[in-house]
Each structure stands twice: as C-alpha cells, then as structure tokens.
Amino acid sequence: MTAPDKEMRDPRRDEVIAGEYVLGVLSAEDRRNVEARLAKDRQFAAMVNRWEENLSTFNDDYEALQPPPRAYSAIEQRILGAAPPDAAFSGKVAGGFWNSLALWRSLALASLVTSIGLALSMSTLLAPRPMSGGRLVADLAGENATINLVARYDEANGALRITPVAAGKEKEKSLELWLVEDGKSPVSLGVLPQTGEGELAVPAVMRGRLVQGAVLAVSVEPFGGSPTGAVTGPVIASGAARFD
Amino acid sequence: MVGSDISYLIGRVSLKDRKAFAVLYEKSASKLFGICLRILRDRSEAEEALQDVYVKIWQRADRYVESETNPMAWLAAIARNQAIDLVRARRPVASDIDAAYDIADPLMTPEEAVVLRSEGRRIDGCMETLEPDRALAVRRAYIEGLSYEELAEIHGVPLNTMRTWLRRSLLKLRECMSR
C-alpha cells in the first residue's frame, strides 16, 4: 500500500479524520478545519454523519440530569430576540415573511409610492368616474423579496384586498398553503392565486381539520403548486390557528 | 421518548414554533445537560454550554434531515460538539491531524474479517473486536471528550502510541460496521 498522497482523496485518511472529529480528540484548530471542510465536501460530511450515527450508541453512557429551571428562562430570553411570540395567523417566520424587517423595509418604499398612487386615483378618479369593467390593481414588489403583494380595489364596496403572491417572473413560482397537523405530513390547502384575485376555498373534506392549533404554512413551489403533493420548496411562513 | 416524536418536534422548531421548542427542551434537556456536565466537569460551565446548545438547536433545526440521522443522536452531537469546543478552548492541545499518520498496514487478516462478518453492523459487536484497552480508550474519548494527550496520560502510553491506537481502531470499526 502506498503512502497517502495529500493531493488525492484518501478515503482511509478521511474516515479516520471524520472519526477523530466525532470522537472529539482533535485540537480546536483541527476541529475548525474539519468543519470548514464539512461545509463544502458532501462526501466527507456523510462520513462524519455516519460516525455520529454509529457512535451514538455510546450516548447511553451519559446520565440524564435535570438542569436548573433558570437555564430554560435564559435560553428563551436569548431566542426571544429572534422571534416574536405567537400572534393569530401572523405566526412565526422562517427566513422572513410577515415579520421580516428586511422584507417590510424593502416593501415600504414601493408600497408607499403605490398607496399614494392608489389614494390619489381613488379619491379623484374613481369616485366621480365609474370604472368600465376593469379593476384597479397594484403590484407591490420589493427587492429580493420572496413574495410580492397584489392590491385589488373593488370599487363597488370600497374594499381593497391585499394578497401575497410569489415573487419572480410570472409563471415561475407559486405560493402554496399547507395545513400541518400533529404527527402528519402537511396537506395542501391550495395554491394562492398568482393574480391576487379570489380566495382559497377550503375543500369540504378538509374543513373539519382546520381547527385551533392547526398550523398553516406557506411554501414557495414551482408554478402551479408542488409537483409531488408534498412540500418541495422553502417554507417562508407558518403560524398556528387560534380564536381571536 | 420516541425518536419520531423528537424528529417531529425538530421539524416544528425549524418553523420557529416556540411551543414545540419548549416541549423539545423538556424531553431532551436532561440528557443534553448530562452530556455537557460529563465532558466539562463543571456545573456552571455545563449550564452555559446547555444554553448555547439550545440556541443552536433553535437556529439550526432546519438543517436536520430526518432520513439521515436519528434525532436524539443529532441533538446529542450538537451538545457534544459544544462541550468539546469549550473544553478545547480551556485546555488547548496541539494540532495533530498530520502527526504520526501511520496506518498504512493491512487492517485485519482474512480470518478476522470472516469472524467480523457474522458480527453484523452493531457498534457493540465491533467494539468487541478491538483489544480491551483500545476499546476503552475509544469509548472514553467519546464519552468524556478527551484529547489524545489526556488519553495518553490516563492510559500511560506515549502520545504517538495513543494516536495509532485510536486511528487503527477507527479503521477497524469502520470496516466492521460496513460489513
């Protein structure tokens, strides 16, 4: 057997380093080197993963020990900064949606401009001159946002409906709404209309399941909705339902 | 504690569900605290590490891939890594990935390999194929998060010998587990 060539991938050497990392015998510096490699070398990451799985039997040797109650309060405090408490259907955010400062900041300018435009047209143009068929629509877009908002004005009753739609070029993506129940795979409630028109009708068979505690989540899917029936794209928002 | 429950909770935590996070903490904190304390051997350090561990779980839950990892093993790995990083910062050791990298001889005889084939994939069976003091060193390294230097001292062998012990043991284990 030849000596390991440093320029070549040497699986035995990699196995050993992955195992040493999981055992925990490496120096701080070597641990950082291993982690840097983990991020870009999937094959190596799989080796580390396998060692973690294999050696996890040893975890039985660790005695469980109740930490003091103050530990959880401290943790809660630290993660509180990252996510606001539950709010009805506004929910919590993965990667930025309803509560994302960045999104709202980026949308702020666009929506400000649009709403001024809308206000103007509604007060001066719409009122005295009935619309002939068409409806007033504004696309509210932000830079690098996952979603846009479509505002549709119903001149008959003065209602302005704001609906999220997937950002990006038309026909590229859709937002899909999911019902997530305890211990079950998410079930699609439908694709949010890309036009911002209309509402989602909850299928009759699903209505009994839309109860307090059920979680609604929105994911970004290929245009038309998930091709597999399961969530395939990133979940950009979710929240538990409760009575308000 | 059922693995699939933990797995489901981690999924919910990835959606930033704080209730699920509280339940996950309730179900796993004593185990993870036990891990931190065993490695750090100091209660207040273990408490601090535990906080960092759960903040990481909160932040990284979306990286958990259910099909690839047992959920408790995933949580335990975060706790062990956190505790080991703290210990290494407290008692630094020299970098040694390239030191005495001498594992080039054949791993086992064909007879050994035949015996191993019947042992299956269980780590316990594979550990029994190691010499007892080496098996103990492997286990101790893992459980207590010891460095090569500390292990060499405890076992009363030179540093290079300990490196060779563990590296060969890892290769033997890998070969055994792959059968």
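I count two residues as in contact if their C-beta atoms, placed from the backbone, lie within 7 Å. The model I am reading is predicted.

Entry one, a loop residue. I looked up Ser226(A) and found it in the loop between strand S6 (215-222) and strand S7 (235-240) of chain A. Leaving aside neighbours within four places in sequence, I noted that Ser226(A) is in contact with Glu176(A), Ser188(A), Glu221(A), Val231(A) and Thr232(A). I also noted Leu175(A), which is 51 residues from Ser226(A) in sequence, with 9.3 Å between their C-alpha atoms. I put Ser226(A) down as partly exposed, because it has 18 C-beta neighbours inside 10 Å.

Entry two, the sheet. I traced an open sheet of four strands in chain A, in the order S5-S4-S6-S7 and with antiparallel pairing. Strand S5 (187-191) and S7 of chain A are at the edges with a single partner strand each, so one side of each has no neighbour in the sheet. From one strand to the next, I read an average twist of 25°. For S6(A) and S7(A), I found antiparallel pairing over five bridges, and I noted Ala240(A) in S7(A) as the bridge partner of Val215(A).

I listed 59 residues from chain B and 49 residues from chain A in the contact. On the side of chain B that touches chain A, H2(B) gives the largest share, 10 residues. I recorded the residues of that side of chain B as 34 nonpolar, nine polar and 16 charged.

Terms used: Residues are numbered from 1 along each chain as its sequence is written. Chains are lettered from A and ligands numbered from 1 in the order in which they are written. This is a predicted model: local features need pLDDT of at least 70, side-chain atom pairs count only at pLDDT 80 or more; totals for chains, interfaces and linings use all residues. Ala, Val, Leu, Ile, Met, Phe, Trp, Tyr, Cys and Pro count as nonpolar, Asp, Glu, Lys and Arg as charged, and the others, Gly among them, as polar. A residue is buried if 20 or more other C-beta atoms lie within 10 Å of its own, exposed if 12 or fewer, and partly exposed in between; C-beta atoms are placed from the backbone. Two strands pair if DSSP finds at least two bridges between them. Axes are lines fitted to C-alpha atoms, for helices over the stretch in contact, and angles run from 0 to 180 degrees between N-to-C directions.
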